[in-house]
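Please look over the structure shown here before reading on.

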Amino acid sequence: MFNKLTKRGFCTAISSRPWLFVGLGNPGEKFRGTRHNMIDVFAESVGIPMNRVHCKAVFGEGFVGDIPVFLAKPQTYMNLSGESAGPLAAHYKLPLNRVLVFHDDMNLPCGVLRLQHNGGHDYHNGFSVQHARAMLIRLKSVIYHFRGNREFARLRIGIGRPPGQMDPKAFLLQKFNNTAQERIDTALQEGVGALKRLLSHGLSESVRHFNHEQKYKHIRLQTMPV
């Protein structure tokens with residue numbers, strides 16, 4: 001496949017340089033139906049088969065238009081995802097501004113998405129220590145294996161906060177109820193649109209356009225029960 005990418009102008013222009021999309025999530029049948037993965041939905045949408053194992057990830061590669069795209073679902077546990085993401089970016093010699101990581105986020109209402117250029121992995125806005133620690137796990141390993149560099153894009157999908165005193169770890173592993181699942185399914189399709197727009201219009205324009213739309217969804221859903 002790499003030879004095919006090269007023949008089609010793999011690195012001939014900035015606009016056609018490849019992207020790596022990494023979807024974080026726990027692997028295995030035990031976790032099937034507990035969460036989601038944008039990579040599966042995106043891969044199906046653009047016709048890229050996820051039929052290889054590469055750098056500890058289920059992996060697929062292909063083109064969306066003229067843009068080469070690598071898709072990866074690390075098969076390590078969530079807190080070790082960097083063991084896959086880091087080597088993948090290094091193997092394909094990708095700068096981190098051509099890497100996007102998808103993960104869930106308890107700091108957003110269920111079904112709300114947020115696309116961002118880069119950032120840290122700190123959480124505020126009333127998060128308890130337990131909540132913050134649970135979300136830190138998602139990115140600490142990735143940042144570590146990117147040699148401490150945080151300059152990669154993220155697409156976050158809101159799953160809401162645990163009810164009452166529920167352990168955040170238990171909340172992250174439970175199955176969605178029907179209302180939450182409907183919101184997540186809708187959000188995944190919106191996320192596919194955001195990724196396609198990123199490939200065709202660039203990250204900066206996509207962040208402005210997509211987050212403007214999601215802002216109103218955030219306002220509408222933040223007080224609605226799940």
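S84 is buried, with a relative accessible area of 0%, where buried stands for under 20% relative accessible area, exposed for over 50% and partly exposed for the range in between (1.4 Å probe, protein chains only). This residue is found in helix α3, and, once its neighbours within four places in sequence are left aside, S84 is in contact with C55, K56, A57 and P74, a contact being heavy atoms within 4.5 Å. The model is predicted, so local features need pLDDT of at least 70 and side-chain atom pairs count only at pLDDT 80 or more, while totals for chains, interfaces and linings use all residues. Residues are numbered from 1 along each chain as its sequence is written, and side-chain values use heavy atoms, with hydrogens and water left out.

- Helix α3 covers residues 82-91, and its buried residues are G82, S84, A85, G86, L88 and A89; helices (H or I, at least four residues) and strands (E, at least two) are DSSP runs, numbered from the N terminus.
- C55, one of the residues in contact with S84, lies in the loop between β2 (52-54) and β3 (57-64) and is partly exposed, with a relative accessible area of 24%.
- K56 is also placed in the loop between β2 and β3, and this residue is partly exposed at a relative accessible area of 47%.

**Backbone angles**

- Most residues other than glycine have a negative phi, and most peptide bonds are trans.
- C55 has a positive phi of about 55 degrees although it is not a glycine, and K56, likewise a residue other than glycine, has a positive phi near 65 degrees.

- A153 is found in strand β7 (residues 153-158) and counts as buried at 2% relative accessibility.
- The C-alpha atoms of A153 and L115 are separated by 7.5 Å, although these residues are 38 residues apart along the chain.
- Beyond its neighbours within four places in sequence, A153 is in contact with L96, V99, L100, V101, Q116, H117 and L203.
- P162, in the loop between β7 and α5 (168-173), is buried with a relative accessible area of 8%, and its C-alpha atom is separated by 7.9 Å from that of M106, which is 56 residues apart from P162 along the chain.
- K196 is found in helix α6 (residues 178-201) and counts as partly exposed at 33% relative accessibility.
- K196 and V64 are 132 residues apart in sequence and 7.9 Å apart in space, C-alpha to C-alpha, whereas the contacts of K196, leaving aside its neighbours within four places in sequence, are with F42, S45 and V46.

**The chain as a whole**

- The chain has seven helices and seven strands, and read along the sequence they follow the pattern α-β-α-β-β-β-α-β-β-α-β-α-α-α.
- Buried residues make up 53% of the 226 residues in the chain.
- Among contacts between residues at least 6 apart in sequence, 76% join residues at least 24 apart.
- The structure holds zero disulfides, a disulfide being a pair of cysteine sulfur atoms within 2.5 Å, and C110 is buried, with a relative accessible area of 3%.

**The second largest pocket**

- The second largest pocket has a volume of about 350 Å³; grid points are joined across faces, edges and corners, and a volume is the space filled by probe spheres set on the points.
- Of the 23 residues that line this pocket, the closest to its centre are I159, G160, R161, F171 and V226.
- On a 1 Å grid over the protein atoms alone, a cavity is a set of points where a 1.4 Å probe fits but cannot get out, and a pocket is an open set with protein on both sides within 12 Å along at least five of seven lines, with lining residues having an atom within 4 Å of a point.
- The lining divides into 13 nonpolar, six polar and four charged residues, with Ala, Val, Leu, Ile, Met, Phe, Trp, Tyr, Cys and Pro counted as nonpolar, Asp, Glu, Lys and Arg as charged, and the others, Gly among them, as polar.

**Confidence**

- The mean pLDDT of the chain is 84, and 81% of its residues reach 70 or more, pLDDT being the predictor's confidence in each residue, from 0 to 100.
- Over residues 9-14 the pLDDT is below 50, and this stretch has nine contacts in the model beyond near neighbours in sequence.
- Over residues 121-126 the pLDDT stays under 50, and the model has 16 contacts for them beyond four places in sequence.
- Where pLDDT is low, the predicted coordinates should not be read in detail.
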